[in-house]
Amino acid sequence: MRTIHADKITEVVADLCMNANYHLGDDIYQALQDFRAKEESPVAIELLEQCIKNAQIAHEDEVPICQDTGFAVFFVEMGDQVTIDGNLTEAISKGVAKGYTDGYLRKSIVEDPLRRKNTGDNTPPIIWTDMIPGDGFKITIAPKGGGSENMSEVKMLKPSDGEEGVKDFVVDRIKRSGANPCPPVIVGVGIGGTYDKCAWLSKKALLREIGSKHPDPYYAAMEDELLERINKLGIGPQGLGGRTTALAVFIEAHPCHIASLPAAVNVQCHAARHKSVEL
Amino acid sequence: MDAEIKCITPPLTDETVESLKAGDRVSITGVIYSARDAAHKRLVDLIAAGEELPIDIKGQVIYFMGPSPAKPGQPIGSAGPTTSYRMDAYSPTLHEHGLKGGIGKGARGPEVVEAMKKYKGVYFTATGGAAALISKSIKKAEIVAYEDLGAEAIRRLEVEDFRCIVAQDCQGGNLYETGVAEYRRD
């Protein structure tokens, strides 16, 4: 067994909160430039250039890419040969409070959805933990903004709706979202599992690197087709018209019940932030 | 950027609002106010109760924005627009009481479009997610109401060359519709 100190996790999480919010991933930065080169609308070109310049400023000045520094969502992969000398949830939560306070990040969490009093330190985080074999420990933060999260949806399709039903649902969801989620977006799609698992898959899908191919050629082809269909919608950056509506579509599929075909879309704005650390 | 840029300074007159058309590039210099969901609710509740507002909104422009905290030496943190449709329930009442403009991201609903036609209002879009870049055009920020709301407090912002695009104008012009129609491929 390997022991990881809870204080170490807190320290690492505080850094992750800041790094993820200040430094846009190279893959997204590159994708913005690639789509800028292909864009035809003059307004869209201006807006994409602003996004690129914004990422440069945030990186150099170490300030948030977007003022909405998000709900702190974590994916933890913890080996079954690892113990923590403390409470994992508490350690991460303390790291979030420290990172969001010391890093001048916005506190966007209210303690009750209806009574809406701000918790003041952006806690609690949302933590998804997977047990894996071995003594590895990997923690990923994916701060999630409210504007794009609000455009997300789960739909319980019928098995007879099939592939076409899923694809139409995904494209329609992006069409109805219009300018709201800050396009160009990254589209996370969950297919299968249960109602809850499907939503989780669509969020997990957003962690993939832009440019990476789905390992299953069937889904890789579906991702390409969906990206093409979405970029034909004409929504464009900020919904003002253009060819660049989505930078990528990522699908995660899972076994499901003989009666079900759950599908979920988790929409991610162009300030697509995620960072990982292995301990 | 070759497009002509219209320079404006609030308070805006009806004539200025009428001269702004969907698609126009605008540079704002002067004072604007920031407010988002919670502050809008309070303003509209005060109007409903017949009480005075903490700021004079006549001719003014409200930026739908809640900034990240300022680092030492900065006037404000990152400061991009939030999604505007959440303010649709409140904006018509504010336009009725003299508000001239809103700045946000995403299209406004029919109730706001009607209010902008009736009371001469205009809706601008700033670039969502370009919050670090936009903060460079904000020279001074001070909380003028609802400090308890934190990021959602109302702030008086002194801006210089704050770049926006007219998204929806007081004649019903709508760049979200015309812009997308131009690039849609069925």
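Reader: H6(A) passes H8(A) here; is the crossing right-handed or left-handed?
Author: H6(A) passes H8(A) in a right-handed crossing. A crossing is right-handed if the near helix is turned clockwise from the far one by less than a right angle, and left-handed if anticlockwise. This is a predicted model, where local features need pLDDT of at least 70 and side-chain atom pairs count only at pLDDT 80 or more, while totals for chains, interfaces and linings use all residues. Residues are numbered from 1 along each chain as its sequence is written, chains are lettered from A and ligands numbered from 1 in the order in which they are written, and side-chain values use heavy atoms, leaving out hydrogens and water.

Reader: At what angle do the axes of H6 and H8 of chain A cross?
Author: Roughly 35°, and the axes of H6 (residues 162-177) and H8 (residues 217-231) of chain A come within 10 Å. Axes are lines fitted to C-alpha atoms, for helices over the stretch in contact, with angles from 0 to 180 degrees between N-to-C directions. Helices (H or I, at least four residues) and strands (E, at least two) are DSSP runs, numbered from the N terminus.

Reader: Which residues in H6(A) and H8(A) meet?
Author: On the H6(A) side, they include A:Val170, A:Val171 and A:Ile174, and on the H8(A) side A:Leu226 and A:Ile230 are among them. By class, this contact of H6(A) with H8(A) has seven nonpolar, no polar and five charged residues. Contact means heavy atoms within 4.5 Å.

Reader: Switching to chain B. Which residues of H4 are buried?
Author: In H4 (residues 110-119) of chain B, the buried residues are B:Val112, B:Val113, B:Ala115 and B:Met116. They cover an arc of only 165° around the axis, so they are on the same side of H4(B). Buried means under 20% relative accessible area, exposed over 50%, and partly exposed in between (1.4 Å probe, protein chains only).

Reader: Which residues are exposed on the other side of H4(B)?
Author: B:Pro110 and B:Lys118.

Reader: And what do the buried residues of H4(B) pack against?
Author: Helix H3 (91-96), strand E5 (122-125) and strand E7 (154-168), in chain B. After H4(B) comes B:Lys120, with a positive phi near 60°.

Reader: Back to chain A. Where is A:Ser276 found?
Author: In strand E10 (residues 275-278) of chain A. A:Ser276 is partly exposed, at a relative accessible area of 40%. Leaving aside neighbours within four places in sequence, A:Ser276 is in contact with A:Leu16, A:Lys138, A:Ile139 and A:Thr140.

Conventions:
The arc is that of the directions from the helix axis to the C-beta atoms. Ala, Val, Leu, Ile, Met, Phe, Trp, Tyr, Cys and Pro count as nonpolar, Asp, Glu, Lys and Arg as charged, and the others, Gly among them, as polar.
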